[in-house]
Amino acid sequence: MTTSTPSASSLRGFVRLLTVVSALGTGLALAALVQGATDGPRWLLVLALPVTALALTAYGKAAEDMQSGVAAPGLRSGGPRAFAPAVVNGVKAVNKENGRTAVDGQAVKSVFAFDLTVVTDELPPYRIEVRHPLDLQGLLQRSRAVVEYDPEQPWRVVVPDNPPPEWLARAERLVPPTGEVKRRAGGVPAGFHSLVSGVVIAAVLLVLVRVLG
């Protein structure tokens with residue numbers, strides 16, 4: 001079940017525009033880097049090197065977030081959203097800066113870490129940790145939860161404070177999945193399409209330079 005409003009559609013269009021701009025910027029930076037390192041001029045290399053390094057660092061961070069087993073902070077503005085039931089495997093207090101178990105659960109720097117197995121209709125069940133300073137849905141005393149997630153980037157998961165009653169009822173009826181559950185959400189990392197498109201754009205630009213130059 002996904003939700004969409006006119007404002008959400010506008011935001012989604014803005015996100016697509018940012019993706020296109022990101023791909024173009026990545027392509028130009030990569031092309032400038034290769035051109036500057038081979039045929040010059042050298043100022044292209046000096047200019048493109050930090051830009052390319054920054055872009056690759058951002059893409060790498062997005063891929064790392066996807067595979068870390070910890071939910072990304074928040075859902076994308078204007079991105080698709082859906083509800084799903086989840087099994088509560090455990091709840092503990094952790095330090096919000098380093099993720100280590102907190103000795104004092106009431107400390108300012110501590111948050112709750114909800115260890116959840118998300119069971120959606122579209123994806124295989126996956127295990128993920130959602131952190132929040134409040135005991136949302138009273139999960140310290142419950143074995144089931146309702147989460148809201150991004151179907152395109154399912155490692156983006158939040159625990160809503162007041163989920164729809166029908167989803168609460170569905171969560172209560174949830175039977176824990178059998179077999180191995182991977183601690184990794186499906187989908188491709190954020191920015192993956194921009195990176196691939198950027199590489200293609202860079203290749204085309206370099207071919208044009210060779211042909212026309």
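Strand 3 gives the most to the lining of the second largest pocket, supplying three residues. The largest cavity, at about 50 Å³, has Phe 83 and Trp 167 among the residues nearest its centre. Those two residues also form a tilted aromatic pair.

**Second largest pocket**

- The lining of the second largest pocket counts 13 residues.
- Ala 71, Ala 72, Pro 73, Gly 74 and Arg 131 lie nearest the centre of this pocket.
- Two strands, strand 3 (126-132) and strand 5 (157-158), each supply at least two lining residues.
- By class, the pocket lining splits into nine nonpolar, two polar and two charged residues.

**Largest cavity**

- The model has two cavities of 30 Å³ or more.
- Twelve residues line the largest cavity.
- Nearest the centre of the largest cavity are Phe 83, Asp 121, Glu 122, Tyr 149 and Trp 167.
- Strand 1 and helix 3 are the elements that give two or more residues to this lining.
- Strand 1 has the largest share, with four residues.
- The cavity lining is made up of eight nonpolar, one polar and three charged residues.

- The structure holds two aromatic pairs.
- One of them joins Phe 83 and Trp 167, with 6.2 Å from centre to centre.
- Their planes stand 35° apart, and the pair is tilted.
- Phe 83 sits in strand 1 (residues 82-95), while Trp 167 sits in helix 3 (residues 165-172).
- The pair links distant parts of the chain, 84 residues apart.

**Asp 121**

- Asp 121 lies in the loop between strand 2 (110-118) and strand 3.
- Asp 121 has a relative accessible area of 56%, over the 50% cut-off, so it counts as exposed.
- This residue is also among those nearest the centre of the largest cavity.

**Gln 35**

- Where does Gln 35 lie? Its place is in helix 1.
- Gln 35 has 13% relative accessibility, under the 20% cut-off, and therefore counts as buried.
- Beyond its neighbours within four places in sequence, Gln 35 is in contact with Gly 40, Leu 44, Leu 206, Val 209 and Arg 210.

**Confidence**

- The protein chain averages a pLDDT of 82, and 80% of the residues score at least 70.
- Confidence is highest in strand 4 (residues 144-149), at a mean of 97.
- Confidence is lowest in helix 1 (residues 6-38), at a mean of 72. Gln 35 belongs to this helix.
- Where pLDDT is low, the predicted coordinates should not be read in detail.

Technical notes. Residues numbered from 1 in each chain as written. Predicted model: local features only at pLDDT ≥ 70, side-chain atom pairs only at ≥ 80, totals over all residues. Heavy atoms only, no water. pLDDT = per-residue confidence, 0-100. Phe/Tyr/Trp six-rings, centres within 6.5 Å; stacked < 30°, edge-to-face > 60°. 1 Å grid on protein atoms, 1.4 Å probe; cavity = no way out; pocket = protein on both sides within 12 Å on 5 of 7 lines; lining within 4 Å. Nonpolar A, V, L, I, M, F, W, Y, C, P; charged D, E, K, R; others polar. Points joined across faces, edges and corners; volume = space filled by probe spheres on them. Buried < 20%, exposed > 50% of the residue type's maximum accessible area, 1.4 Å probe, protein only. Contact = heavy atoms within 4.5 Å.
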